[in-house]
Amino acid sequence: MRRLFALLLSLCLLFSLFGCSPERPDQGEGDAPVLTGLTFQSEVELDYAQCFHIYQYEEGHSLIRVDDGRDYLVVPEGGVVPPEGENCIVLHQPIRNVYLAATSAMSLFCALDGLDAIRLSGAKQDAWYIPQAAQAMDEGKILYAGKYSQPDFELLLDQQCGLAVESTMLLHAPEIQEKLEELGIPVLIDRSSYEKHPLGRTEWIKLYAALLGQEEQAEALFQKQAQVVEELSDFENTEQTVAFFYVTDRGVVSVRKSADYLAKMIELAGGRYVFPDLGDPDNATSGVTMTMEEFYAGAVDADYIIYNAAIDDPMETVDQLLDKSPLFADFKAVKNGNVWCTGKYLYQATDVLGGMIQDIHTMLTGDGSETELTFIHKLS
């Protein structure tokens, strides 16, 4: 059964790559899916996201088409399900008792005032760096229901889980998805990590807004982040190079691929990622590991270095970095006092990625106060 499910999942992915999928509603004029009894109104405009589409109907329905080959029909409270709904995953509003195993989506729910829709978490309380999420777990409003690969199926059923929002890590555990669906729990895989542009990740807020009925609020929130990129679009690049990394417990260095969204954020902020051609852009993984010596050769002359404490522990002083390796003493950025560090919040702050771009811009230009920065701080 597991092999069969994996084969079917692979077929769906292949169909999505070629722009089609099995048993989807037919498309009418303007590529909008035809739903009997419903009048197509408009397609939600997406500026950066490429991994989903949203079609809206005058009767209040929305059809979310994800590029993994799945359609989600969101039915308003009291609305009817058209015959084509049999070929979709049907979600009835109000959507409640969500099991959220995709941590990147939590900030989007919070930004939309949709935290009440989440009842179950795939992360423990101490793993959340979003205050609202941690507080909700402390108050028992959100319960820990096991990580994505080991969910507490009994608890999910007991709490009448209405939707499991998973990250792409679930693709490595297809038997879990199969079990969830056997239990009648619909599964939505958040594919925001596959977006090529940083703001493509943030624009997934529009998908969650379609689930929650908060479309206008999502548009306003997204445009606030997009404005940061628009304001920097005419800024001449400083040509200063930036390394973004952390040192593992084994002493090797983990860096981002050149095609990764964090490398793109550095470019948008007005810098140049120090590794211009690192990693296979067609590979889904975002990071590359290298020896300290290899990292030294590629980043010793970087103008700025940013230590990724979203993975490791945050630092406050350069001496803490030197404890990782004495080789850092030779780095140009260390000698010039241009050593920075992220906080733990970075990877969960999907709703405000424009703020990270602005922080890096401030770092590169000195155009602003360091005390105003949200995501990075300078090491003393």
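Tyr55 has a relative accessibility of 4% and therefore counts as buried, where buried denotes under 20% relative accessible area, exposed over 50%, and partly exposed the range in between (1.4 Å probe, protein chains only). The model is predicted, so that local features need pLDDT of at least 70 and side-chain atom pairs count only at pLDDT 80 or more, whereas totals for chains, interfaces and linings use all residues. Residues are numbered from 1 along each chain as its sequence is written, and side-chain values use heavy atoms, with hydrogens and water left out.

Across the whole structure, 15 aromatic pairs are found, a pair being two rings of Phe, Tyr or Trp (its six-membered ring) with centres within 6.5 Å, counted as stacked when the planes are under 30 degrees apart, edge-to-face when over 60, and tilted otherwise. The pair of Phe40 and Tyr55 is tilted because the ring centres are 6.5 Å apart and the planes stand at 55°. This pair links distant parts of the chain, with Phe40 in strand E1 (residues 40-43) and Tyr55 in strand E2 (residues 52-57), 15 residues apart; helices (H or I, at least four residues) and strands (E, at least two) are DSSP runs numbered from the N terminus. Phe40, at 33% relative accessibility, counts as partly exposed. Ring pairs also join Phe245, Tyr273, Phe275, Phe295, Tyr296, Tyr307, Phe328 and Phe331 into a cluster.

Gln177, placed in helix H5 (residues 174-182), counts as buried at 1% relative accessibility. The C-alpha atoms of Gln177 and Leu188 are separated by 9.7 Å, the two residues being 11 residues apart along the chain. Glu231, in helix H8 (residues 215-232), counts as exposed at 53% relative accessibility.
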